[in-house]
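Notebook open, model loaded. Today I'm looking up helix packing and aromatic pairs.

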Amino acid sequence: MSAPVTTTAPTSTTSAPRTGAEEDPRWPARLWGLLIVLCLALFLDGLDVSMVAVALPSIGAELGLATAELQWIISGYVLGFGGLLLLGGRTADLLGRRDVFLIALAAFAAASLLGGLVDSGPLLIATRFVKGIAAAFTAPTGLSIITTTFAEGKQRNRALSVYTIFGASGFSSGLIFGGLMTGLGWRWTFFFPVPIALAALIVGIALIPRDRPAAKGGYDILGAASSTAAMLILVYTVVTAPEVGWLAPRTVALFVLAAALAAAFIAVERRVAHPLVRLGILRRGTLVRANLAMMALFGSFASFQFLLTLFLQQALDRTPLQMALALLPAGLLVALSAFFADRLIDRFGTPRLIAAGLLALSAGYLLFLRVDTDPVYVTMILPTAILLGTGFALGFPAINVQATTGVHDDEQGLAAGLVQTSGQVGGALVLAVTTAIISVDHATGEGSPEGASAAQMLAQFQPGLIFVTAVAVTGVAVTLLPLLLKKRSRPSAATGAR
């Protein structure tokens, strides 16, 4: 199945006016400027996760945080992000994309500044949660501005490819910036995004066109509260279960509560007049598979990066910059793919590219399972870095294009929010399970993995690495299965025709 190549947009009386980009392949400077502003916001969203991840050992050492607490610095952000992404997309549809985007971008800059000033672990996690909430409004809003500005087909594929490559580049280049900033002090990983966000805000005020609301109705606050609470409780339960016991009454009760809140969310969405998620949109098989693929891609990589950061810096005594440079090839591959990602989508279609991307990630994780306590970079780490960069470059743009293809303008915010929610929720859940599997603090008997030798840490991380690999392989299977079934049905149909 190939990506659509039509040049006519679906009609909508409430959508922002088309720019004419669908008629002329040469975009004017103002249109490029608008796209770059939106790309910078997504770049910062991706940058934040990976840049702060590099600084985790330094943050833990200064603030006295154990491994299970450190993962909340990542999970706090992605849960705030993923928990309210759907509300963010809905708010953009109701209030207008321009105002929502600009206000959220200003909040993102403010929360980032505060994060670099606090001296307490809980306060730091709180600022991360607030920052994630701000990103929950900028990300789907920016994507919906693009999908209502560029007509479905080659022009939208081109814009989305540039946009999503910026996001993936932010995630991968955050490793480099994280290494550089952590060398100055971990607080600089929080200060670094502030001027970029402010610059994008100023330019965005000038370039983002005013628009009218694309939808009517109200807010589904109950749906947003129940879904966010369910995710928070689920992640908290998984992370704390190794300490209190998986069958302990508290653990069981919390799992039941998370399930009850999830069921309540579904019940609310079926009955509320203006649901956060129109459940009927999930009948689109391509959208559902795109969401599952995003969970596998982002969830596996976020957890792998968490393990790699701790292993290289704490077990092998690598500096943050050395750790970042180790994965530099991945970032370069993702950045360079911006020049041809849209052409690959037009030629091969999104399902094949998604499967190829997840397959490359799986191969990278499998190769890293060979790592020892004295790894040779060229043979043990570089191949994994190249495969991870290839996987992101192929999979990330294709997933976003597939998730929004065929969706009407007034639900572009919902579709955009769904796929990004899947990535953030997948990141939080897979990281929580990975943290529970390795149980570093309990295995070493110390408050920090520094109490273990490199060999002990490697042994403790192996089950987590295997789990991360399994997540990526599952994503490959989910993506390939419809393609294989479709291929098998063709000979049968031909036989019946005779």
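Ground rule before the rings: I count Phe, Tyr and Trp rings (for Trp, the six-membered one) as a pair if their centres lie within 6.5 Å. Also for the record, this is a predicted model.

**Entry 1, aromatic pairs.** I ran the ring rule and got 11 aromatic pairs. One of them is Trp27 with Trp32, at 4.9 Å centre to centre and 50 degrees between the planes, a tilted pair. I checked the accessibility of both partners. Trp27 counts as buried at 8% relative accessibility, while Trp32 has 30% and counts as partly exposed.

Which residues do ring pairs link into a cluster with Phe301? I found Phe392 and Phe396 there.

I looked at how H10 (residues 285–315) packs on H14 (residues 350–368): the angle is about 25 degrees and the axes are 11 Å apart. Angles under 35 degrees count as roughly parallel, so I logged H10 and H14 as roughly parallel to each other. Their crossing is left-handed. On the H10 side, I listed Ala293, Ala296, Leu297, Ser300, Phe301, Phe304 and Leu308 in the contact. H14 brings Ile354, Leu358, Leu361, Tyr365 and Phe368. Sorted by class, the H10–H14 contact has 11 nonpolar residues, one polar and no charged ones.

What is the angle at which H1 (residues 29–63) and H2 (residues 67–95) cross? I read roughly 160 degrees, with the axes coming within 8 Å. The cut-off for roughly antiparallel is over 145, which makes H1 roughly antiparallel to H2. I noted the crossing of H1 and H2 as right-handed. From H1, the contact takes in Asp45, Asp48, Val49, Val52, Ala53, Leu56, Ile59 and Gly60. From H2, I wrote down Leu70, Ile73, Ile74, Tyr77, Val78 and Phe81. The class tally for the contact of H1 with H2 came out at 11 nonpolar, one polar and two charged.

Note on methods: Residues numbered from 1 in each chain as written. Predicted model: local features only at pLDDT ≥ 70, side-chain atom pairs only at ≥ 80, totals over all residues. Heavy atoms only, no water. Axes fitted to C-alpha atoms, helices over the stretch in contact; angles between N-to-C directions. Helix = DSSP H or I, 4+ residues; strand = E, 2+ residues; numbered from the N terminus. Parallel < 35°, antiparallel > 145°, perpendicular 65-115°, else oblique. Left-handed = near helix turned anticlockwise from the far one by under 90°. Contact = heavy atoms within 4.5 Å. Nonpolar A, V, L, I, M, F, W, Y, C, P; charged D, E, K, R; others polar. Phe/Tyr/Trp six-rings, centres within 6.5 Å; stacked < 30°, edge-to-face > 60°. Buried < 20%, exposed > 50% of the residue type's maximum accessible area, 1.4 Å probe, protein only.
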